[in-house]
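Good morning, colleagues. Please turn to the structure on the screen, which I shall discuss from the whole chain down to two of its parts.

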Amino acid sequence: MRLTRAGVLTVAILASVAAWPQDEPLPAVDHSLHPLVEHPASEPVPFVRVHMQADSMDGFNLYLETRNFRFAPELVDTVNVTNAGHAHLYLNGEKVARMYSPWHHVSAKSLRDGINRLEVELSANDHSTWAVAGQPIGADILINGGLRDGDPIVRSEVGYTLDWEWGRAEALSTGGWSTVTDLGYRVEVTAGAVVTRNLELVPCHVPLPIPRAALPWSLFAPVPVAAGHSSLAPNESKISTSYSEDLAAPKARFLETKVVTDPEYCRAHYLIAREKGTALGAEALSVVGTWSRAPDWVATPFRLKSASAYGDFRELRDAGGSVARRTIVGGIQVTVKRSLSTMLDGIDFRTGVSEDHGALVMRRVVSETKIYVGESQFRARN
């Protein structure tokens, strides 16, 4: 059987992927080698993205796409100038070159067989590393050293599924579901909706921003989570739209897949908020049903709602529930599980409900969300 060039590339990537140990952290840069220098908040922040193509003679040619940054070799070892400098190139955690222009040749001899980690950091004239909020500005990718043609950057798919944990909640034969809250109320939910506004993975090397979440009365504007080693590029793993779920019929729902290049992920950012494109004040969450409590057990209607928003960063977990980090090698399957049985805990229905109670439900849903990661079918992208 004759393989096409694309077929050969795919086989080579799959072979390299199969050989990579999933439980071994990928080698990374020791950031103590060069001090960090904070980029002035008043100036546009630099951006960098890595492009690579095979060289006809040997290895690969690397190109850095930059914005708000000027390569200035004539200024090296002088006073720092904002948005100018050079770049440091690291391979498998070791510094291998300074880059005084966007182009650099990576020899095949410098690569080990299989997966390699390549990192670029933008440096100031005194060789310190430009940073934002203590995080180096650069790019961080995996490349396949076994390829001899095409683009060696490893790209994998992240698939997202929303799901629910029932716990003590039970489905009703007439539709909807019921649960008994921590305050002893029996609640039957017959209608409602919740909107997932944002879901994205956070690379292991990106620190958590502060503040982590919104106050219940505020409109939460999530702190941007940068992809690509704090390159400030749009996060490749971020879902492309918002998704509304029917709370009366909770079930697993596959959302979408995204193609990513960041080497490994440790957390996810999950946000409930109004749907994109809707007017300010549109509901992000609503719960409709009845409550009852001993001794009379009289069913009393209620409606909870919230137009605010709430998001948080959740640790990734393996199938056994342990905190886990996940490399992109082999692809990633993400399952976001929220708890039905506890989402209405803490509400004293007899005293009445308000939009503040709706915000409380939203916060409880997010804070008790568990995000599980596993391997999905890897698809080579070239």
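What percentage of the contacts in the protein chain with a separation of 6 or more is accounted for by residues 24 or more positions apart? In this predicted model, the figure is 76%.

Let me continue with the chain as a whole. The protein chain has 382 residues, and 51% of them are buried. Its accessible surface is about 16,900 Å², with 53% of that area belonging to carbon and sulfur atoms. As for secondary structure, the chain contains 24 strands and 2 helices.

I turn now to one of the sheets. Three strands form an open sheet in the order β2-β3-β7, and their pairing is antiparallel. At its edges lie β2, residues 47-54, and β7, residues 103-106, each of which pairs on one side only. From one strand to the next, the twist averages 25°. Between β2 and β3, the latter spanning residues 60-67, the antiparallel pairing extends over 8 bridges. Within this pairing, Val48 is found opposite Thr66 of β3.

Which residues of α2 are buried? They are His357, Gly358, Ala359, Val361, Met362, Val365 and Val366. The cover over these buried residues includes five strands: β18 (264-272), β19 (285-292), β20 (300-306), β21 (310-317) and β23 (332-339).

Thank you for your attention.

Technical notes
Residues numbered from 1 in each chain as written. Predicted model: local features only at pLDDT ≥ 70, side-chain atom pairs only at ≥ 80, totals over all residues. Heavy atoms only, no water. Pairing = 2+ DSSP bridges. Helix = DSSP H or I, 4+ residues; strand = E, 2+ residues; numbered from the N terminus. Axes fitted to C-alpha atoms, helices over the stretch in contact; angles between N-to-C directions. Buried < 20%, exposed > 50% of the residue type's maximum accessible area, 1.4 Å probe, protein only. Contact = heavy atoms within 4.5 Å. Areas by Shrake-Rupley, 256 points an atom, 1.4 Å probe, with all protein chains shown as cover.
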